[in-house]
Amino acid sequence: MLPSQGERTAWPRPTSLGTEGAVPRRLHAYTNAIIIVGIAATVWSLWSLLTKPTNWLGLLLFVLVAALAELTGTDLLPGSPATVSFSSAIYFASLLVFGPFGATLTAVSSGLAATLVTIIRTEGPTRTPVIQRALFNMSVYGLSCLAGGVVYRVTGGTVGDMSSARILLPAILASITLDTLNALLIVLTVSLQTAQSAFSVWLQNFAWAAPINIVAIAVGGGALAFGYARLGMLGLGIFLLPILTTSISFQRYVGRTQDQMRRLEDIIAERTAQLRAANEELTRLDQHKTQFYSIINHEMRTPLTSVMGYCDLLRASGGLTDRQLGHVQVLKSNAQRLLDLVNNLLDISRIEAGRMTVSQEPADLSESIADALSVVQPLAAQKRLDIRLDLPSDLPPAHADKKRLSQVLINLLSNAIKYTPEGGQVTVRSALDQDGSMLLTSVADTGIGIPQDRLSRIFDRFSREESEQTRGTVGTGLGLTITKGLVEAHGGRIWVQSQEGAGSTFFFTLPAYRPDR
Ligand code: ADP
């Protein structure tokens with residue numbers, strides 16, 4: 001308990017900000033101004049106390065206890081400007097016993113004593129920021145105590161007399177003033193340092209602790225002042241003891257929280273390092289895979305093209321029997337299948353490496369659909385499928401790569417035909433969307449459909465269903481991945497709707513060609 005705001009300062013710490021040059025000039029001007037006003041308030045307080053009878057011994061006792069409290073303060077959270085000590089309660093007790101000037105002197109002198117001890121313990125180069133920070137803190141506390149004391153007096157509080165319940169309201173108002181002014185002066189440093197608004201700094205870092213602080217200052221300080229007023233030093237000691245033990249337990253709790261946070265940070269750092277290593281390994285493997293693809297592709301494409309060329313030459317040379325011509329045909333169609341696979345692999349590696357480029361030009365969709373249909377027609381005829389077209393006569397051209405557009409259409413049409421049983425129907429539709437920027441094309445079939453649990457993975461590579469229905473169809477599970485990559489390379493989108501046993505419809509969009517764009 002008894003959190004203190006005295007050290008709750010955003011004064012740049014040497015470790016957190018690095019160079020002094022990084023601290024905005026306005027922050028220096030502000031902190032220097034506070035230090036000057038703080039010194040003036042201290043001199044004024046000292047002068048006022050010297051000119052009237054003062055219990056110097058009692059005041060010294062309060063200063064010593066407050067210095068001890070400051071020295072035993074601990075950071076509330078690592079890296080946070082909040083610390084926990086019970087010095088505020090002692091300043092407040094001093095306010096009730098000695099008045100505003102006594103409280104100011106208690107805050108400043110105890111701060112000074114604690115700073116001297118800290119400086120002795122601190123290494124050479126880090127001393128300057130420590131001194132500056134301490135001077136600022138002392139000033140903030142001195143000014144807050146002075147303001148709290150003035151509010152206490154103005155609202156009818158009696159100094160040194162704890163016997164009347166009438167001091168309750170002034171005491172509460174004084175503790176609110178002390179805590180609020182303290183927080184405000186510190187909030188401004190954070191705000192100047194981070195360029196955040198003062199209100200949001202207060203809300204994020206200070207608002208949560210304000211009620212605890214005010215209660216702790218009022219109750220703890222009130223008890224100390226009461227004990228001292230009634231029993232002198234003994235009373236101070238008696239009431240200090242529970243406050244001290246509460247503060248120690250709270251600090252222990254904070255210490256344990258900090259340990260846990262440090263352990264968590266260690267675990268996070270370790271996991272991050274593991275993930276980074278795994279990621280590097282994956283990137284390396286991926287590079288190998290891409291390299292592998294491109295070597296295999298280039299080494300296989302040339303010989304395969306040559307095999308197919310020689311097949312054509314053999315057929316053209318004449319003198320082959322029908323049986324031999326049949327063999328040459330099988331040879332060529334197998335070489336073609338291999339070449340298609342190699343081309344697909346090359347496309348996949350381009351898409352995955354983000355290197356799929358398309359040259360966009362005006363492309364007549366109706367023409368591309370007719371071309372694609374002529375390629376897949378033999379298979380459709382073999383299965384006696386009914387192929388229907390629904391294309392408006394005023395369909396504008398797509399802004400697309402003609403070769404790649406044909407590839408998309410052939411992939412979708414050959415799938416529709418492949419996965420539709422004999423006598424089924426395949427329908428191709430195309431239309432301009434409402435705002436006239438995209439062309440929407442669909443390829444619908446009345447085929448086997450796609451199970452719901454596979455729909456989300458249908459565009460993944462090698463996503464091929466091995467089932468009763470697909471038995472007898474050839475495929476690699478790469479076609480849709482490439483189709484999606486091609487559509488997206490044009491700036492379009494592709495998706496599917498399907499119902500098992502009823503059929504599937506693949507939709508894709510492509511930008512419409514607009515001469516004015
Ligand atoms: P494949 O070479 O196997 O046809 P695709 O990537 O073109 O590879 O298709 C992947 C899988 O998606 C196919 O194996 C099939 O299971 C399913 N599929 C694609 N199109 C259709 C369709 N029109 N009807 C039913 N299933 C389809």
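This is a predicted model: local features need pLDDT of at least 70, side-chain atom pairs count only at pLDDT 80 or more; totals for chains, interfaces and linings use all residues.
Local features need pLDDT of at least 70 and side-chain atom pairs 80 or more, while totals for chains, interfaces and linings use all residues. Residues are numbered from 1 along each chain as its sequence is written, and side-chain values use heavy atoms, with hydrogens and water left out.

Searching the whole structure turns up nine aromatic pairs (rings of Phe, Tyr or Trp, the latter by its six-membered ring, with centres within 6.5 Å; planes under 30 degrees apart are stacked, over 60 edge-to-face, the rest tilted). One of them, F62 with F98, is edge-to-face, at 5.3 Å centre to centre and 90 degrees between the planes. F62 sits in helix α3 (residues 56-71) and F98 in helix α4 (residues 87-121), so the pair ties together parts 36 residues apart in sequence. Helices (H or I, at least four residues) and strands (E, at least two) are DSSP runs numbered from the N terminus. F62 and F98 are both buried (under 20% relative accessible area, with exposed over 50% and partly exposed in between; 1.4 Å probe, protein chains only). Together with Y228, F62 and F98 make up one aromatic cluster.

As for the sheet, five strands form an open one, ordered β5-β7-β8-β10-β9, with mixed pairing (two strands pair if DSSP finds at least two bridges between them). β5 (386-390) and β9 (494-499) are at the edges with a single partner strand each, so one side of each has no neighbour in the sheet. Strand β8 (residues 438-445) runs antiparallel to β10 over seven bridges, and M438 stands opposite P511 in β10.
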